[in-house]
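Please look over the structure shown here.

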Amino acid sequence: MSTAKKGDLSATEKELLQVIAAGNVQEASRLLGSKDVRVNCLDEYGMTPLMHAAYKGKAEMCKLLLQHGADVNCNEHEHGYTALMFAGLSGKTDITRMMLDAGAETDVVNSVGRTAAQMAAFVGQHDCVTVINNFFSRARLDYYTKPQGLEKEPKLPPKLAGPLHKIIMSTNLNPVKLVMLVKENPLLMDTDALEKCRRVMELICEKCVKQQDLNEVLAMKMHYIGCVLHKCSCFIKDREDKLDGLIKCLLKGRENDGFPVFQEKFIRECIRKFPYCDATLLQQLVRTISPVEIGNDPTALSVLTQAITGQVGFMDAEFCTTCGEKGAEKRCSICKSVIYCNQECQKLHWFSHKKVCKKLQEQRLKHEAESAKRLEKQAKAEENQAVEEVTNAMEELSADQNEGASPESSDNQSEGAIPDPTPINVN
Ligand SMILES: [Zn+2]
Ligand SMILES: [Zn+2]
């Protein structure tokens with residue numbers, strides 16, 4: 001099939017674009033089977049069917065088009081937009097990931113020099129930014145599972161590629177979560193395996209720094225994961241309690257406020273040990289973190305997370321106190337000030353949290369009582385004012401009889417507190 005020319009569409013291709021806009025996958029599938037439809041045809045703006053489907057946020061349609069050979073890196077759009085850029089703009093993380101899995105280039109820029117991640121950030125689609133910035137194809141990792149040059153053995157045993165790739169793709173950089181990912185795979189619970197993985201992380205880190213399109217973000221992430229894997233291997237080698245011991249160290253809070261000092265220091269040390277001193281990202285991180293006293297905000301984890309994933313703050317979602325996973329909703333039933341994914345995460349944290357739980361509860365109750373008082377006062381003041389206004393109005397318009405407007409029913413929706421079969425007493 002000849003290369004498509006902009007706006008040169010057959011009648012059936014025009015129909016296809018309409019069907020895509022309407023989201024009719026079955027009909028699109030039928031049309032793609034006809035002779036006068038090219039899957040990479042271009043409309044007058046240089047948009048392919050895949051770009052249309054990505055922009056409209058239609059995942060099934062994108063999948064169908066890719067199966068029919070849609071070119072994910074077609075770059076004929078009048079402003080240089082790619083399918084990945086449209087996916088990012090749509091805000092759909094599944095489609096963004098699909099484009100990346102199909103081999104979308106992340107560093108292509110549009111006509112004003114913006115990458116897909118930058119465009120997604122510009123329109124506030126931060127989840128898509130995270131997906132793009134953290135993407136590392138399985139193929140890039142699989143390179144290390146084949147012997148190179150004179151090597152007799154590959155650097156990475158093929159069976160480790162799967163579990164390692166899962167860790168690399170994690171957008172949650174909480175070290176507890178990463179250790180949990182190591183722990184859940186028996187293949188990784190071995191010092192030799194961990195050191196091999198760590199070595200590969202270092203090699204990828206080096207490649208990211210030395211390659212032409214330098215990627216400091218990915219380099220930092222690989223280095224950081226390498227550090228966590230190394231820590232795991234040390235604990236497995238030296239300590240009887242193995243990774244449970246490491247998780248405990250990472251979660252242990254200091255006496256007065258429960259702040260996890262070991263974790264903070266560990267992450268700071270990982271960053272400091274980044275081997276390429278003149279990297280801009282490293283200098284930025286060190287500048288941000290070093291003036292912060294341990295225990296204050298921002299934590300090293302939040303600074304690192306923001307630098308690597310683009311996630312700003314931890315405000316718009318609930319994150320597990322133990323492992324940092326998004327969407328945690330089990331609240332400690334006593335203090336209600338910490339939140340977990342599940343009982344397992346709560347149990348892991350209890351040895352440390354139990355020391356501050358009561359104190360947090362008292363603080364919360366005091367705070368609630370104060371704000372209740374404040375609200376009451378405010379309500380009274382408003383009531384007095386309203387009465388006064390009404391009296392004045394009545395005096396002025398003595399004849400006017402208003403229908404008594406019913407007082408607004410105050411539906412005090414209590415926020416969805418999850419009654420939890422908590423206080424767990426684990427020692
Ligand atoms: Zn958790
Ligand atoms: Zn508590």
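## Model and numbering

This is a predicted model: local features need pLDDT of at least 70, side-chain atom pairs count only at pLDDT 80 or more, and totals for chains, interfaces and linings use all residues. Residues are numbered from 1 along each chain as its sequence is written, while chains are lettered from A and ligands numbered from 1 in the order in which they are written.

Helices (H or I, at least four residues) and strands (E, at least two) are DSSP runs, numbered from the N terminus.

Axes are lines fitted to C-alpha atoms, for helices over the stretch in contact; angles run from 0 to 180 degrees between N-to-C directions.

Helix 1 contributes Thr-12, Glu-15, Leu-16, Val-19 and Ile-20 to the contact; helix 2 contributes Glu-27, Ala-28 and Leu-31. Contact means C-beta atoms, placed from the backbone, within 7 Å. By class, these residues are 5 nonpolar, 1 polar and 2 charged. Ala, Val, Leu, Ile, Met, Phe, Trp, Tyr, Cys and Pro count as nonpolar, Asp, Glu, Lys and Arg as charged, and the others, Gly among them, as polar.

Helix 4 (residues 59-67) has Met-61, Cys-62, Leu-64, Leu-65 and Leu-66 buried (20 or more other C-beta atoms within 10 Å of the residue's own, all placed from the backbone). Their cover includes helix 1, helix 2, helix 3 (49-55) and helix 6 (93-101). Gly-69 follows helix 4, with a positive phi near 90°.

Residues 45-77 are 48% helix and 0% strand, with end C-alpha atoms 6 Å apart. For residues 79-111 the values are 52% helix, 0% strand and 5 Å.

## Helix 13 and helix 17

Helix 13 (residues 216-238) packs on helix 17 (residues 300-309) at about 135°, axes 9 Å apart. That angle makes helix 13 oblique to helix 17. Val-217, Met-220, Lys-221 and Tyr-224 of helix 13 meet Leu-304, Ala-307 and Ile-308 of helix 17. The contact has 6 nonpolar, no polar and 1 charged residues.

## MYND-type span

The unreviewed UniProt entry places "domain: MYND-type" at residues 320-357. This span is 39% helix and 11% strand, and its end C-alpha atoms lie 16 Å apart.

Key. Angles under 35 degrees count as roughly parallel, over 145 as roughly antiparallel, 65 to 115 as roughly perpendicular and the rest as oblique. Two residues are in contact if their C-beta atoms, placed from the backbone, lie within 7 Å. UniProt positions are given in the numbering used here, feature names are shortened, and annotations may be inferred rather than shown by experiment. A residue is buried if 20 or more other C-beta atoms lie within 10 Å of its own, exposed if 12 or fewer, and partly exposed in between; C-beta atoms are placed from the backbone.
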